Amino acid sequence: MNDFLNSAPYQKIHNSLPIVCVDIVLKTAEGKFLLVKRKEEPAKDNWWLVGGRVFKNESLESAARRKVQEEIGLVVEKVEKLIGGYELIFKEDPYGHENGTHTIVACFMSEIENTENLKLDNFHSQYKLFKHYDNNWHHYLNECLKRAGFSQE
């Protein structure tokens, strides 16, 4: 995690304000999508899209590209915005302030050629390619995947 994200000022912001984030549906030529399993709250131990916080003066599209490179070590050229935005409110937070996590998220889509050079960061335990989404997953995750052209099992 970026040093600023571990700082006391950021933790105070996280406790008090919504955080702007991006997520990205990564599609393969074989018609699958990639998810990562989170090690941290919120959504700890759940399959999730690659994504995270947007920094000041960073465009949403640039943030989406950066998060792909940071979280799985791949570079994506073209990203397409899927939806206008979502609001997510989780009871859990990664800092222990017990005020939950509130995010405003823009979801994007991009293609990856293969996963041969994929390298997970320290905040994810594994990755997996899926053909369909699971109706038991978080409604936001399913909505992004549905908009990206995937169907449920």
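What follows is a conversation about a few terms and how each one applies here.

Tutor: Keep in mind that this is a predicted model, in which local features need pLDDT of at least 70 and side-chain atom pairs count only at pLDDT 80 or more, while totals for chains, interfaces and linings use all residues. Residues are numbered from 1 along each chain as its sequence is written, and side-chain values use heavy atoms, with hydrogens and water left out.

Student: Why is Asn57 called exposed?

Tutor: Asn57 has a relative accessibility of 78%, and a residue is called exposed over 50%, buried under 20% and partly exposed in between, with a 1.4 Å probe and protein chains only; therefore Asn57 counts as exposed. Asn57 also has a positive phi of about 65° although it is not a glycine.

Student: What makes Phe4 partly exposed?

Tutor: The relative accessibility of Phe4 is 42%, which lies between the 20% and 50% limits, so Phe4 counts as partly exposed.

Student: How do you know that Glu58 and Arg66 meet in a salt bridge?

Tutor: A salt bridge is a side-chain nitrogen of Lys or Arg within 4 Å of a carboxyl oxygen of Asp or Glu. For the side chains of Glu58 and Arg66 the N to O distance is 2.6 Å, so the pair qualifies.

Student: Which other residue forms a salt bridge with Arg66?

Tutor: Arg66 also pairs with Glu70, the closest N and O atoms being 3.1 Å apart. These two residues are four apart in helix α2, and are therefore separated by about one helical turn; a helix here is a DSSP run of H or I with at least four residues, whereas a strand is a run of E with at least two, both numbered from the N terminus.

Student: Why is Arg66 called buried?

Tutor: Arg66 has a relative accessible area of 16%, and since this is under 20%, Arg66 is buried.

Student: How do you know that Arg53 has no salt bridge?

Tutor: The nearest side chain of opposite charge, Glu71, is 7.3 Å away from Arg53, where Lys and Arg count as positive and Asp and Glu as negative, with His and the chain ends not counted. That distance is not within 4 Å, so buried Arg53 has no salt bridge.

Student: Where is Arg53 found?

Tutor: Arg53 is found in strand β4.
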